[in-house]
Amino acid sequence: MDKPFFEFLLRMGDTTLVLSQRLSEWCGHGPALEEDLALTNTALDLLGQARMWLTLAGEVEGAGRDEDALAYWRHAHEFRNATLVERPNGHYGDTMARQFFFDVWHYFALGQLSRSSDERVAAIAGKSLKEVTYHVRRSSDLVVRLGDGTAESHARMQEAVDDAWRYTGELFLDDAVDRDLAARGIGCELASLRAPWLAHVREVLDEATLSMPDPSESGHAALQGGRQGRHTEALSYLLAEMQSVPRAHPGAVW
């Protein structure tokens, strides 16, 4: 088994899976019908992407585990998602700050991966990029509308941006897996995504009349490690709900 490649695929699949689960928690609870439907559609997009990444991960692993086995029968310490996406939803501003920061990173990451030397990775990234291009536009628009809205929405959005910011540094930290995949042309160096990410984020926050946090304060050591399997307790609660049915009825099919 190509262990670094497997780890990379888990990171992409787990990150989109966990964020999809988080967004699905808003279904039926959105602040307006349009938002309820839009966020649910984003969750479905991410779920579809997670299925493709995890299916390929199962093939690379060669141990007979499919997308369902990888999603439902691993424990929290076996998940490789970024810490940012496992954070609880909070209020709608919290959700949109998290979504905006992730969407912009996701867009630039998929742009690089769509040129991967591995045709399977390039195909998944290319298909996903079409969806994520919309995700970026939508979350950027919501950040502007909430930030440049009422005094209360502005204050709450600024607090949400400041809170989520602490978790963004992990998105740009390369480790041995990232460097190995980048050297082979399969993946990319995450550090190279930081400059365009910062530029886009700054542009949107300026339009939203929100203050951009100090970039040097986005890498708190205690808020990193999700991609290596070190998570907050929030992930365990999320997985307990997400995995409850298949674990209660193992082997059941529709």
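# Helix faces, core and selected residues

Helix H9 runs over residues 194–207, and its 14 residues should span 20 Å at 1.5 Å a residue. Its end C-alpha atoms are 20 Å apart, which agrees with that expectation. The model is a predicted one.

**Helix H9**

- The buried residues of H9 are Trp 197, Leu 198, Val 201, Val 204 and Leu 205.
- Viewed down the axis of H9, these buried residues fall within an arc of 135 degrees, so they line one face of the helix.
- An α-helix has 3.6 residues a turn, so residues three or four places apart point the same way.
- Ala 195, Glu 203, Asp 206 and Glu 207 are exposed, on the other side of H9.
- Cover for the buried residues of H9 includes helix H5 (92–113), helix H6 (119–147) and helix H7 (151–165).

- Thr 209 sits in the loop between H9 and H10.
- Most residues other than glycine have a negative phi.
- Thr 209 has 41% relative accessibility; buried means under 20% and exposed over 50%, so Thr 209 counts as partly exposed.
- Beyond residues up to four places away in sequence, Thr 209 touches Gly 147, Asp 148 and His 154.
- Thr 209 and Val 143 are 66 residues apart along the chain, and their C-alpha atoms are separated by 9.8 Å.

**The largest nonpolar core**

- The largest nonpolar core has 73 residues.
- Phe 8, Leu 9, Trp 53, Phe 101, Trp 105, Val 121 and Trp 197 have the most contacts inside this core.
- Which helix gives the most to this core? H5 does, with 11 residues.
- Trp 105 lies in helix H5.
- Trp 105 counts as buried because its relative accessibility is 8%.
- Setting aside neighbours within four places in sequence, Trp 105 is in contact with Met 12, Leu 171, Phe 172, Leu 190, Leu 193 and Trp 197. Trp 197 is itself one of the buried residues of H9.
- Trp 105 and Ile 124 are 19 residues apart along the chain, with their C-alpha atoms separated by 16 Å.

- Ala 234, Leu 235, Leu 238, Leu 239 and Met 242 are buried in H10.
- Their arc around the axis is only 130 degrees, which puts them on the same side of H10.
- Exposed residues Glu 233, Tyr 237, Ala 240 and Glu 241 are on the face of H10 turned away from its buried side.
- The buried residues of H10 are covered by elements including H1, helix H3 (67–72), helix H4 (83–86) and helix H11 (244–248).
- How do H1 and H10 pack, and at what angle? Helix H1 (residues 3–24) and helix H10 (residues 233–242) pack at about 75 degrees, with axes 11 Å apart.
- Angles of 65 to 115 degrees count as roughly perpendicular, and H1 and H10 are therefore roughly perpendicular to each other.
- From H1, Leu 17, Val 18, Gln 21 and Arg 22 meet Ala 234, Leu 235, Leu 238, Glu 241 and Met 242 of H10.

**Two further buried residues**

- Arg 138 is in helix H6. Is Arg 138 buried or exposed? With a relative accessible area of 9%, Arg 138 is buried.
- Arg 138 touches Glu 35, Ala 38, Leu 39, Thr 42, Tyr 92 and Met 96, not counting residues up to four places away in sequence.
- Arg 138 and Met 52 are 86 residues apart in sequence and 23 Å apart in space, C-alpha to C-alpha.
- Gly 58 belongs to helix H2 (residues 33–61). Gly 58 is buried, at a relative accessible area of 8%.
- From Gly 58 to Ala 69 the C-alpha separation is 8.8 Å, at 11 residues apart in sequence.

Notes: Residues are numbered from 1 along each chain as its sequence is written. This is a predicted model: local features need pLDDT of at least 70, side-chain atom pairs count only at pLDDT 80 or more; totals for chains, interfaces and linings use all residues. Side-chain values use heavy atoms; hydrogens and water are left out. Helices (H or I, at least four residues) and strands (E, at least two) are DSSP runs, numbered from the N terminus. The expected span of a helix is 1.5 Å times one less than its number of residues. Buried means under 20% relative accessible area, exposed over 50%, partly exposed in between (1.4 Å probe, protein chains only). The arc is that of the directions from the helix axis to the C-beta atoms. Contact means heavy atoms within 4.5 Å. A nonpolar core is a set of buried Ala, Val, Leu, Ile, Met, Phe, Trp, Tyr and Cys residues joined through side-chain atoms within 4.5 Å. Axes are lines fitted to C-alpha atoms, for helices over the stretch in contact, and angles run from 0 to 180 degrees between N-to-C directions. Angles under 35 degrees count as roughly parallel, over 145 as roughly antiparallel, 65 to 115 as roughly perpendicular and the rest as oblique.
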